[in-house]
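These are my notebook entries on a structure that I looked through one topic at a time. I began with the backbone, then turned to selected side chains and helices.

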Amino acid sequence: MAAYSEIILKHFPTIEDELHQYVTGVLKSEDDFGNSSDVYEAVGLFLCEIDQQKTDQDIQNVCDKLYNALIRNKVEDGPKKILDAPVHLGQLAEDMLGSVIEDSGSIWMTKRETATTVDQKKLEKAEEKIRKKQDRRDQMEVKIQTVSLESASASQQSNRKENKLEISGLNRSYDIRIENFDISFGDLVLMQGADIAMSHGRRYGLVGKNGKGKTTLLRMIYSGGLKIPSHIQVLHVEQEVIGDDTKAIQSVLSSDEKRESLIQEEIQLNNQLNQLSPTNRSDSRLSSRLAEIYHELELMEADKAPAKAAAILFGLGFSADDQTRPTREFSGGWRMRLALARALFATPDLLLLDEPTNMLDMKAIIWLENYLQTWTSTILVVSHDRSFLNSVATDILYLHSKKLDAYKGDFEMFIKTKTDRLKNQQKEYEAQKQYRSHIQVFIDRFRYNANRASQVQSKLKLLSKLPEIIPVEKETETIIRLPVCEKLSPPVLQLDEVDFHYIKEKPLFKNICVSADGDSRICIVGDNGAGKTTLLKLLLGDLEPIKGFRHSHKNMKIGYFSQHHVDQMDMNKTCIEVMAIRIPGFTAEEYRRQLGSFGVKGELALRPVSSLSGGQKSRVAFATMCSNSPNFLILDEPTNHLDMETIEALGKALQKYQGGVLLVSHDERLIRVVCKELWVCAAGHVTSLEGGFDEYKKVVEKELSSQG
C-alpha cells in the first residue's frame with residue numbers, strides 16, 4: 001500500500017472504500033503537485049466532508065504529509081541507471097576515435113546528450129499538464145463522476161428442499177425466507193450475503209439510513225427478482241391509480257380480482273339463461289355453475305364488500321361524495337391513497353408499503369395505525385415515522401452494512417436492544433483484543449528461548465485458531481447545519497382579516513388573522529383539503545387574498561421547502577448542477593460545502609439526481625433552500641422520505657436556528673421537539689390550539705371514535 005494511502009486511513013479511519021479509492025486515485029493520477037497547497041486544492045474538500053470535526057488547519061497538516069509522501073514515492077519509484085559491467089576508459093577512448101558520436105552507445109555520451117538536448121515530447125507533455133491545471137483553477141465547474149443507472153439486480157442462494165416442494169406444489173407455508181442474497185443498483189452494491197425471514201401474520205418495519213436500498217428491496221420482492229413461494233400473493237403500494245372514469249369505490253372493489261371475476265361470470269350466466277326460452281331455462285349445467293358461484297360469493301362475504309371498501313376509503317379521508325367521483329378528478333396524492341385503499345381491501349398474503357404516511361393527514365394516519373393492528377397476514381413496511389412503527393410493527397428489520405438484522409418488538413424496543421447489543425459487542429471485542437495481546441506478549445518474549453520453544457509453538461497455534469475479531473462499526477452521527485441569520489424584530493409576518501377562495505361558491509378561508517415573529521416555532525395541522533398548503537402560499541405571498549392584507553418585515557428572507565420538491569428537479573443533472581441552476585454565482589466548492597452541511601458528501605454530490613433516494617433528494621432541496629441564508633423558514637412536510645437520523649438532526653438544527661420556523665408536518669416526534677405553538681386549519685378558520693399536540697391528538701381520536 002502506498003504511503004499516502006496509509007496516511008489517509010490513519011487520519012480518516014471511517015472513510016468509505018469508494019471514497020478512499022477516489023481520493024487515492026486523484027493523488028496517484030496527478031504528478032504535477034508543486035506544493036502541499038496543490039494537494040489541498042485537489043482533495044482537501046473531500047477530506048473536510050469525511051470528518052467535519054477536523055479544522056481547516058488539521059486538513060492542511062494532513063495535506064502536508066500527503067505531499068511529502070508523494071515526493072518520497074516519486075523519488076523511490078524514479079528511474080535508476082545501473083552499469084551492467086566495469087567501464088575501461090582507455091578502450092573507450094579508442095572506440096570513440098573510430099565511431100560517430102551520434103552512433104555511440106556510451107553511457108558518457110548518452111549522459112552528455114541528455115544534459116544538452118530537450119526531449120520535445122516530454123516538454124509538450126509538461127506544458128499540457130500545466131495548462132490543464134490552470135484551466136481547472138480558472139473554471140467553476142467540476143469534473144462529474146458518471147454513475148451507472150441500470151436497473152437494480154438481485155441474486156440469491158437457492159434451497160433444494162424448498163425448490164422440490166415448490167415444483168411438487170406441496171409447499172403451502174406462508175412463511176417467507178430469503179437466504180444469502182445480494183442486491184446491486186448499477187455498480188453500487190446495496191446488500192451482500194443478506195438474509196430475511198418473515199413469519200406469517202407478523203408486521204415488519206424496515207428501517208435504515210437513506211440510500212441503503214430499502215425501497216429497492218421491496219421492488220425486488222414484488223418483481224420476482226428475489227424468489228418467494230409462488231402461492232404467496234404480494235401487493236406493493238408504489239404507483240398511483242390511473243385516472244379514468246372509474247368511480248373511486250369501484251376502483252377499490254375491482255382490486256379483489258377473484259370477487260370481480262365471479263361477479264362477471266354470474267352476469268354472463270344470467271344473461272345466457274335469460275336468452276333461453278322458458279322451457280330451456282332449467283339447463284342443469286348453467287344452473288349448477290351459477291349455484292357454485294353464489295356459494296363462493298357467500299363464503300367470501302361478497303355482499304359486505306361495498307361496505308368494507310367504503311369504510312376504508314372513509315378512513316383514508318374520502319367523503320361519501322368523493323367515493324363516487326371518477327378517479328381522473330383526483331390529484332396524484334389522492335390517487336396514491338386510492339392505491340393504498342385497493343391494497344388494504346385486497347388483503348394480500350404479503351403487503352409491501354413504502355412510506356404510507358407521507359400523503360396522509362394526522363386523522364388518516366391514526367386510522368391506518370388502528371386498521372393495520374388487526375391485519376392477519378404479513379406486512380413489510382418502510383417508514384421513518386417512529387410513532388407509526390411503535391403502533392404497527394411487531395418486528396424491526398434493520399438495514400446496515402449491507403446486511404439485515406432482525407429485532408423483536410416495536411421501534412422503541414429496537415432502539416434499546418440495539419444499544420445493548422452494541423455495548424456487548426464492544427465489550428467482547430475489547431476482551432478478545434486484550435486476550436490476543438496477552439498471548440502475543442508471551443510469544444514475543446520467549447520466541448528465541450529454546451527452553452520455551454514448545455510453549456511458544458502452542459501459543460502460536462492457539463492464536464491462529466482464535467476467531468477473527470472485528471471492531472464494532474459505529475454509526476456516524478447525522479448533522480445538519482442551518483445558516484446563521486439576523487434576528488428580526490416583531491412583527492415579522494401577518495395575515496389580517498384575510499378571505500380566500502379558488503371557487504367563489506366554496507370559500508376556503510374566512511376572516512383569518514394570524515401572526516408569526518422572528519423566533520416563532522409554529523406547526524400547522526388539519527385534515528387534507530383544509531387549506532394548509534394554501535395558507536403557506538398566502539403567507540409566502542404566492543397567492544393574493546381576496547380580502548384583507550398580508551404584512552411582512554422589509555428585511556425578511558424566506559426559505560421555502562415544498563413537499564413537491566422532487567417534481568421541481570431536473571433528474572438528469574447532478575446535485576451541484578441543480579444548485580447552480582437555482583442559485584447561480586457560486587463556485588463548485590461552495591456548492592459542495594453547502595451540500596455537505598446537509599449530508600450530501602463526497603461522490604454523492606457528483607451523481608445525477610435520478611440515482612438518489614427520496615431522502616437524499618430532500619437533502620439537496622434543503623441545501624438549495626438555505627443557500628441565501630434565510631431568516632424565516634416555511635416548511636411543507638419536510639420529513640417526507642427523510643430517515644430517522646436525519647429527522648432527529650433536523651429537529652436539533654431547528655431548535656438552534658435563530659430565525660422563525662413555520663411548518664406543516666404529520667411527524668409527531670418533530671412537532672414535539674420543535675414547535676411551541678399549534679395552528680389548526682378547519683371549517684375555513686385558523687385557530688391557535690391551547691394544549692398543543694396532545695390536545696389535538698385527543699380531538700382527532702374523539703372524532704374517529706364518534707364516526708365508528
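**Entry 1: Backbone geometry**

I located Asn180 in strand E2, which covers residues 176-185. The model is a predicted one, and I read every value below as computed from it. The phi of Asn180 is near 45°, a positive value in a residue that is not glycine. I noted this angle because most residues other than glycine have a negative phi. I then looked up the accessibility: Asn180 has 36% relative accessibility, so it counts as partly exposed.

Ser401 also has a positive phi, about 50°, although it is not a glycine. I found Ser401 in the loop between strand E8 (395-400) and strand E9 (403-408). Its relative accessible area is 34%, and Ser401 is therefore partly exposed.

Where is the cis peptide bond that involves Pro491? I found that it joins Pro490 and Pro491, with omega at about -5°. Pro491 belongs to the loop between helix H19 (453-465) and strand E10 (493-503). I recorded the bond because most peptide bonds are trans.

**Entry 2: Ser377**

I looked up Ser377 in the loop between helix H16 (362-372) and strand E7 (378-382). Is Ser377 buried or exposed? At 8% relative accessibility it counts as buried, because the cut-off for that class is under 20%.

I next listed the surroundings of Ser377. Leaving out residues up to four places away in sequence, Ser377 touches His200, Gly201, Arg202, Pro348 and Asp349. One of these, Pro348, has its backbone oxygen 2.8 Å from a polar atom of the Ser377 side chain. The Ser377 side chain also makes a polar contact with the side chain of Trp375, at 2.7 Å.

**Entry 3: Ser597**

I placed Ser597 in the loop between helix H22 (588-596) and helix H23 (614-625). With 10% relative accessibility, Ser597 counts as buried. A polar atom of the Ser597 side chain lies 2.6 Å from the backbone oxygen of Gln594. Which residues does Ser597 contact beyond its neighbours within four places in sequence? I found Ile479, Ile480 and Arg481.

**Entry 4: Helix H11**

I checked the length of helix H11, residues 257-275. Its 19 residues should span 27 Å at 1.5 Å a residue, and its end C-alpha atoms are 27 Å apart, so the two values agree. I then listed the buried residues of H11, which are Arg259, Glu260, Leu262, Glu266, Leu269 and Leu273. Of the residues in that list, I noted that Arg259, Glu260 and Glu266 are among the buried ones and belong to residue types that count as charged.

**Entry 5: Helices H21 and H23**

How do helix H21 (residues 575-582) and H23 cross? Their axes come within 10 Å and cross at roughly 35°. I recorded the crossing of H21 past H23 as right-handed.

For the residues that meet, I listed Cys575, Val578, Met579 and Arg582 on the H21 side, and Val620, Ala623 and Thr624 on the H23 side. The residues of this contact divide into 5 nonpolar, 1 polar and 1 charged.

Definitions and conventions. Residues are numbered from 1 along each chain as its sequence is written. This is a predicted model: local features need pLDDT of at least 70, side-chain atom pairs count only at pLDDT 80 or more; totals for chains, interfaces and linings use all residues. Side-chain values use heavy atoms; hydrogens and water are left out. Helices (H or I, at least four residues) and strands (E, at least two) are DSSP runs, numbered from the N terminus. Buried means under 20% relative accessible area, exposed over 50%, partly exposed in between (1.4 Å probe, protein chains only). The expected span of a helix is 1.5 Å times one less than its number of residues. A polar contact is a pair of N or O atoms within 3.5 Å; within protein, one must be able to donate a hydrogen and the other to accept it, and residues adjacent in sequence count only if both atoms are side-chain atoms. Contact means heavy atoms within 4.5 Å. Axes are lines fitted to C-alpha atoms, for helices over the stretch in contact, and angles run from 0 to 180 degrees between N-to-C directions. A crossing is left-handed if the near helix is turned anticlockwise from the far one by less than a right angle, and right-handed if clockwise.
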